[in-house]
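Welcome, and please open your viewer. Follow the stops below one at a time, selecting residues as we go.

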Amino acid sequence: MAMIECPVCKGLISDRAKKCVHCDTLLIPKERCRECNAALEENMITCPKCGCPVNGDNTPIRFEASLQAETTGSKKTHKKLSTIIIVIVALLIIVMTAALGIRRYQIERTAQERAAQEAIQYSQEYAENLKLATYTMLSGAADAESCCNLICQVWNNAIWQKEDPATDNYTKPDGYFVDDFNFALENLFADPKFYTQINAIKENQETVTSIIAQLKNPSEEYKTAYESLSEYYDAYLTFTNLAINPSGSLNTFSEDFDAIDEKCLHCYQVMVFYIQD
């Protein structure tokens with residue numbers, strides 16, 4: 001026999017006592033089955049409800065043991081609930097993380113698709129502007145060639161006083177050859193038809209310059225094409241300015257005309273390589 005404390009008054013009592021000798025607290029109100037907690041009569045060997053055998057020495061389940069079991073069961077229940085809550089929170093975190101990851105992927109994918117579409121659109125627009133610039137310069141160069149040819153004819157016939165139906169209106173407007181070829185050139189530029197051609201060349205220059213401005217800062221794909229276009233543009237400007245404002249002597253003008261005419265043709269042929277479908 002051992003001595004234990006009363007759970008109520010803390011007095012020392014026998015561990016076999018059913019009642020505290022100090023405060024009269026019942027320690028074991030009634031024997032109960034340890035399995036189903038059914039009430040047991042004294043000296044029962046098995047539980048009449050579940051058939052579970054009673055302790056061999058007929059020792060009843062003590063009050064404090066029952067209380068401890070209930071407490072332990074409660075702790076287990078709380079622990080189980082805590083575990084479930086932790087698992088649920090973890091699952092929620094995983095689901096939210098996955099959702100955020102999917103959303104981020106969708107945003108990045110959309111941005112990539114938009115960038116790809118913009119790149120395709122940029123490439124198409126750039127290719128079209130390359131063609132437009134190339135053909136517009138070709139048109140302006142062709143007009144400049146026509147004007148320069150007529151300038152050379154008027155200049156030459158005025159110096160050498162050669163009659164020609166195409167130039168007589170400028171070299172001999174009154175039936176006599178002018179004293180200075182500059183007068184003949186002035187007559188040519190004063191002619192409404194020729195004046196219109198020169199204005200058309202100037203307008204062509206403005207159009208080409210505007211297109212070239214849109215082609216600056218090319219992508220890697222069009223860098224070489226843009227370099228060739230720039231060379232063509234420089235030659236084109238020299239050619240058209242030669243027609244708009246002729247200068248120098250007839251020989252130098254003719255030489256410059258032939259050289260720039262050939263260079264423009266060469267640059268155009270190079271550009272054809274880049275703009276062909």
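Start by selecting isoleucine 88: its relative accessibility is 45%, so it counts as partly exposed. Keep in mind that this is a predicted model. Isoleucine 88 sits in helix H1, which covers residues 63-160.

A pair of aromatic rings is described by the distance of the centres and the angle of the planes. The structure has eight aromatic pairs in total. Tyrosine 122 and tyrosine 126 form a tilted one, with 5.6 Å from centre to centre and 45 degrees between the planes.

Is each tyrosine buried or exposed? Tyrosine 122 counts as partly exposed because its relative accessibility is 33%, whereas tyrosine 126 is buried, with a relative accessible area of 2%.

**Into the core**

Next, select Leu130, Leu215, Leu229 and Phe239. The largest nonpolar core has 47 residues, and these four touch the most other members. Helices H1, H3 (181-190), H4 (192-214), H5 (223-244) and H6 (250-275) each supply at least two residues of this core. H1 gives the most, with 14 residues.

**Lysine 172 and its partners**

Move on to lysine 172, which is buried, with a relative accessible area of 16%. Which side chain meets lysine 172 in a salt bridge? Select glutamate 163: the N to O distance between the two is 2.8 Å. Glutamate 163 itself is exposed, at 59% relative accessible area. Now show phenylalanine 177 as well: lysine 172 lies over the face of this ring, 5.3 Å from the ring centre.

The whole structure holds four salt bridges. For another, select glutamate 220 and lysine 223, whose closest N and O atoms are 3.3 Å apart. Glutamate 220 is exposed at 63% relative accessibility, while lysine 223 is partly exposed at 37%.

For the last stop, go to aspartate 24 and lysine 19, whose side chains meet in a salt bridge of 3.9 Å, N to O. Lysine 19 counts as partly exposed, with 43% relative accessibility.

Terms used. Residues numbered from 1 in each chain as written. Predicted model: local features only at pLDDT ≥ 70, side-chain atom pairs only at ≥ 80, totals over all residues. Heavy atoms only, no water. Helix = DSSP H or I, 4+ residues; strand = E, 2+ residues; numbered from the N terminus. Buried < 20%, exposed > 50% of the residue type's maximum accessible area, 1.4 Å probe, protein only. Phe/Tyr/Trp six-rings, centres within 6.5 Å; stacked < 30°, edge-to-face > 60°. Lys NZ or Arg CZ within 6 Å of the ring centre and 35° of its normal. Core = buried A, V, L, I, M, F, W, Y, C linked by side-chain atoms within 4.5 Å.
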